[in-house]
Amino acid sequence: MSYLIDKFINLLKWPVAVLMLLSLPAYIQSLYYFPFITWRYMALLAGFFLFFIARSMMDSAVKTNMEIIAHEMTHAFFALITFHKVKGIRVEGDNSGGEMAFEGQGNWLIIIAPYFFPLFGLVYMIIVSIYTKFAPLNLIINGIMGYFIGYHLDTVGSQIHEKQTDLPKVSYKFCAMFLPSANLWAVGSMLAFNSKGWAGIWTYQSLITQLNARNWDWLVNTISSIF
């Protein structure tokens with residue numbers, strides 16, 4: 001089963017990269033549709049800045065160790081959802097890196113996942129969904145969401161460098177085409193959840209589709225007017 005899934009995902013690699021590259025204007029434009037001047041987003045922004053204040057006071061070894069664990073857990077999560085058996089996760093004692101072992105060939109999504117997917121943010125959204133079934137949403141929850149957005153952006157930023165061994169495996173060209181939109185998608189999805197929960201994420205995906213269609217129409221009309 002995992003072999004067939006890997007083959008299918010690997011076939012989609014470059015089509016997905018092209019789609020994400022072409023969708024980059026839509027992901028940027030989508031940020032204008034969020035109601036940032038509201039109490040929910042003010043609380044989110046406070047949590048966002050609180051992360052960077054906490055980060056400046058955090059021991060560098062602890063921070064690095066947390067990033068490595070999150071990195072390998074994200075690899076493992078995508079291995080599991082693509083039907084691979086995870087054999088184990090190892091973190092080097094000197095915090096120089098880690099490794100996740102799994103059965104099967106693997107695919108590009110497993111390799112690139114830590115560089116765009118906010119695993120801890122997803123876990124938090126699931127917890128919030130359970131919490132709000134018993135208690136009302138409050139600004140503290142919005143602030144914690146901002147904290148996780150800050151954590152995601154900081155973690156991704158610190159992991160993308162020339163010594164990173166994962167990136168050459170999928171090629172730097174693919175990373176340049178895929179990762180900017182993928183990270184905007186991740187942040188946009190968390191912002192949308194901050195507004196309306198899971199329904200907000202579906203609305204956000206629909207918005208991206210609409211913006212892509214509008215941008216394509218504009219491009220076609222512009223080219224037609226020239227020729």
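The structure is a predicted model, in which local features need pLDDT of at least 70 and side-chain atom pairs count only at pLDDT 80 or more, whereas totals for chains, interfaces and linings use all residues. Residues are numbered from 1 along each chain as its sequence is written, and side-chain values use heavy atoms, with hydrogens and water left out.

**Overall architecture**

- The protein chain contains 10 helices and two strands; these are DSSP runs numbered from the N terminus, with at least four residues (H or I) for a helix and at least two (E) for a strand.
- From the N terminus on, the order of elements is α-α-α-α-α-β-β-α-α-α-α-α.
- The radius of gyration is 19 Å, close to the 17 Å that the globule rule gives for 227 residues, so the chain is as compact as a globular protein of that length. This radius is taken over C-alpha atoms, and the rule is 2.2 Å times the number of residues to the power 0.38.
- Of the 227 residues, 42% count as buried, that is, under 20% relative accessible area with a 1.4 Å probe, protein chains only.

**Cavities**

- Two cavities of 30 Å³ or more are present; on a 1 Å grid over the protein atoms alone, a cavity is a set of points where a 1.4 Å probe fits but cannot get out, and lining residues have an atom within 4 Å of a point.
- The largest cavity has a volume of about 130 Å³, a volume being the space filled by probe spheres set on the points, which are joined across faces, edges and corners.
- Its lining has 15 residues, of which Ala-70, Phe-117, Pro-118, Leu-119 and Tyr-151 lie nearest the centre.
- Helix α8 gives the largest share of that lining, six residues.
- The second largest cavity, of about 60 Å³, has a lining that includes Phe-51, Arg-55, Tyr-151 and Asp-154.
- The elements giving two or more residues to this second lining are α4 (39-57), α5 and α8.

**Second largest pocket**

- The second largest pocket holds about 210 Å³ of space; a pocket is an open set with protein on both sides within 12 Å along at least five of seven lines.
- Among the residues lining this pocket are Tyr-33, Phe-34, Pro-35, Lys-196 and Gln-210.

Note on methods: Buried < 20%, exposed > 50% of the residue type's maximum accessible area, 1.4 Å probe, protein only.
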